[in-house]
Amino acid sequence: MRIVVGKGSCGFAAGAGRVYSALENLIDDKSVLSITGCIGMCFLEPIVDIYEGEKLLRRLVKVTENDAENIIIAVKNNDFSLVDNLTISEKDEEFLTKQTRIALRHCGIINPESIDDYTNDNGYKALRKVLTSMSPEDVIEEIKISGLAGRGGAGFPTWFKWNAARNSKGDEKYLICNADEGDPGAFMDRAVIESDPHTLIEGMLIGAYAIGAKEAVVYVRAEYPLAIIRLEKAIKDAEEKGFIGKNILGSAFSCSFRIKAGAGAFVCGEETALIESLEGSRGMPRLKPPFPAEAGYWHKPSNINNVETFANVSWIILNGGKKFSAMGTEDSKGTKVFALTGKIRRGGLVEIPMGKTLRDVIFDIGGGIKNDAKFKAVQMGGPSGGCIPEELLDTVIDYKKLSATGAIMGSGGMVVMSDSTCMVNMAKFFLDFTTKESCGKCVHCRIGTKRMLEILTRITEGKGKDGDIELLEELCLGIKDGALCGLGQTAPNPVLTTLKYFKDEYVSHINEKKCLAKECASLLTYSINPEKCVGCSLCSKKCPTQAISGEIKKTFSIDTEKCIKCGQCKAACRFGAVNVD
Amino acid sequence: MSCSDCHKSDLSLLNETLEKYKNIKGSLITVLQKAQEIYGFLPTDVIYKIAEEMNLTPAKVMGVATFYTQFRFKPVGKYLIMLCQGTACHVNGSERIEKAITEELGISDSETTEDGLFTLKNVACLGCCSLSPVMMINEKTYGSLTPETVREILKELKEREK
């Protein structure tokens, strides 16, 4: 039997490192214990799987170091009744069984630090097939048949970019992977690199062969230290086995591989900014054309795809483009990975065929809203995307249909919000982000987002004026037209979509000075309900500004002049006597 | 080029890195990352040294260094708290976590405690969204934080340093 501990970043954050150490200390035969990456069920971490050969006997969830002893006894005696309380429920299992996994096919199953685990599960077979029986043109044709499109956000057909780079003149070409996953709320690329680094390497090698590149570079965010460590090991192992380097698998194809750690700049997710950063400069986007396929890295033909795109490539080569394009809609083929987070009951990574609805993902797989609260909106596409309201939950997942709502597919972040999330404050949050991340090249983006943030800030502080909504709309259109790159052009989207679907919230902030979600502190008034107050004085002891006074066993009251609206009294009161309006 | 009134760093520590990278085109960011690993931040005399050795103007080096959030120009505390301000953390209450840290340590974003133990840095998404709100202290990630758990974690670290 094998005991496998899920050690991805989420697992570690939940305590998988401590669980692993506890098991290691107690176990006699250390070879029984191994690790895997992230299965994507973040809400159940730390997860421990028990296998007999390839067969999963038990999946144990929310394990702590105190459970280690019982797990070992259970394995020793082949009697799992001791760990019944840890075993995953049928309902939670559905989170996985309702998915179709291609990009994530190995995640949480194989050991990401073992190249043998990867080769035993068809690893590097696609590369062998390409090098022995396919021309670069055949590879591009197969990708074309599959309908694979860029999973980083733009949704541009992958074959088209590969073909353009292949047809560009010059011997020196580069294949680059964009692993600068900067969208707040998206983490599928981190999960793929941490859990299945060889799938990325194999996909990139096939891409390099197709476009004629001899050098491949992965640009990874510095915030992903574990991903960098696992990828470094994987590259080294692949070099030793002859999958990377000169005359790969005895063919005429040679390709070197290296990692470049980013230094923290959201705009570097834009491909020309990423190239500037790779060259050691400030990551400011270039004017297109020329496109990277003609003049990219060091002004040589270059192709850039994101991690999830590459993670599909070897599967397509082995199973055929037709099988991939059989899934999805007319416009969007294959599967897409979503990072489901926010106020969701079951959060994690969800890979489903295109064509399912948002409701399928959020309610059927994600289990709906935490604590049975009411769904309000789902934010898709990060700072470039928008908020989709409840009435559009049956929107089909497809590049065109999602864009029609005003949001975008983006890299697949889905942040779910309940009725306690203020949409004006949400728009302000994203503008605060884009203001900080604007590279400063274009006036509209640099100054326009700043002005928008100022307006949104005053609205959330109860100082909104007549005409603010119109001014916001005017700025949105100006920035969309006036910015050079995707960051600027899409920065107004969070404001435009919240204005489109949640205008009443803006109006009530400005006209009535009320925040319907009760989130904007400046617009709230705290008071004590004399009918519920028992005069215990707990609230007045917690109050940091001595704004609450009264006599013990009589009713207390709040001096609104002194109140800083910190909410500590409400949190402290055991009788629900503190009202917020 | 010189720097008259700035911090005196042991520039010899940088020799190995400069030897390895100074002739590789486009390696400025890598050199800055290595320098920050060595010194904990980027002192002005180190910026000048890198510029001189790599045949760049100090303005170019400074321009690149200030563009990226990873680079710091002041020493950081022994414990660097990176508090995630991503969307999921925001929705799940990262503001309350920031407030708890500020109250517990008496520092705001990008500040260091007087004893040099803690630095607080707000960062964009750390990619652990399902466990939001999240923070990272010296590459260790802490998830599902509440103001209470964050206070406990900080108290424990303080205790350890006594």
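## Domains, interface and a buried strand

Chain B is divided into domain 1 (11-67) and domain 2 (79-160), with bounds that come from an automatic or database domain assignment. Taken over C-alpha atoms, the centres of domain 1 of chain B and domain 2 of chain B are separated by 30 Å.

A word on conventions before going on. This is a predicted model, in which local features need pLDDT of at least 70 and side-chain atom pairs count only at pLDDT 80 or more, while totals for chains, interfaces and linings use all residues. Residues are numbered from 1 along each chain as its sequence is written, and chains are lettered from A and ligands numbered from 1 in the order in which they are written.

Now to the place where the chains meet. In chain A, 41 residues are in contact with 32 residues of chain B (two residues are in contact if their C-beta atoms, placed from the backbone, lie within 7 Å). Helix H1 (9-14), helix H12 (271-278), strand E9 (335-342) and strand E13 (413-418) of chain A each supply at least two residues of the side that touches chain B. H1(A) gives the most, with five residues. Helices (H or I, at least four residues) and strands (E, at least two) are DSSP runs, numbered from the N terminus. By class, that side of chain A divides into 20 nonpolar, 15 polar and six charged residues; Ala, Val, Leu, Ile, Met, Phe, Trp, Tyr, Cys and Pro count as nonpolar, Asp, Glu, Lys and Arg as charged, and the others, Gly among them, as polar.

Within chain A, strand E5 (residues 174-179) is worth a visit. Six of its six residues are buried, so E5(A) is largely enclosed by the rest of the structure (buried: 20 or more other C-beta atoms within 10 Å of a residue's own, C-beta atoms being placed from the backbone). Tyr174(A), Ile176(A) and Asn178(A) point one way from E5(A), and Leu175(A), Cys177(A) and Ala179(A) the other way.

| E6(A), residues 215-220 | parallel | six bridges | Glu215(A) |

Trp162(A), Ala165(A) and Arg166(A) in H8(A) meet Gly207(A), Ala210(A) and Ile211(A) in H10(A). This contact has four nonpolar, one polar and one charged residues.

Conventions. A residue is buried if 20 or more other C-beta atoms lie within 10 Å of its own, exposed if 12 or fewer, and partly exposed in between; C-beta atoms are placed from the backbone. Two strands pair if DSSP finds at least two bridges between them.
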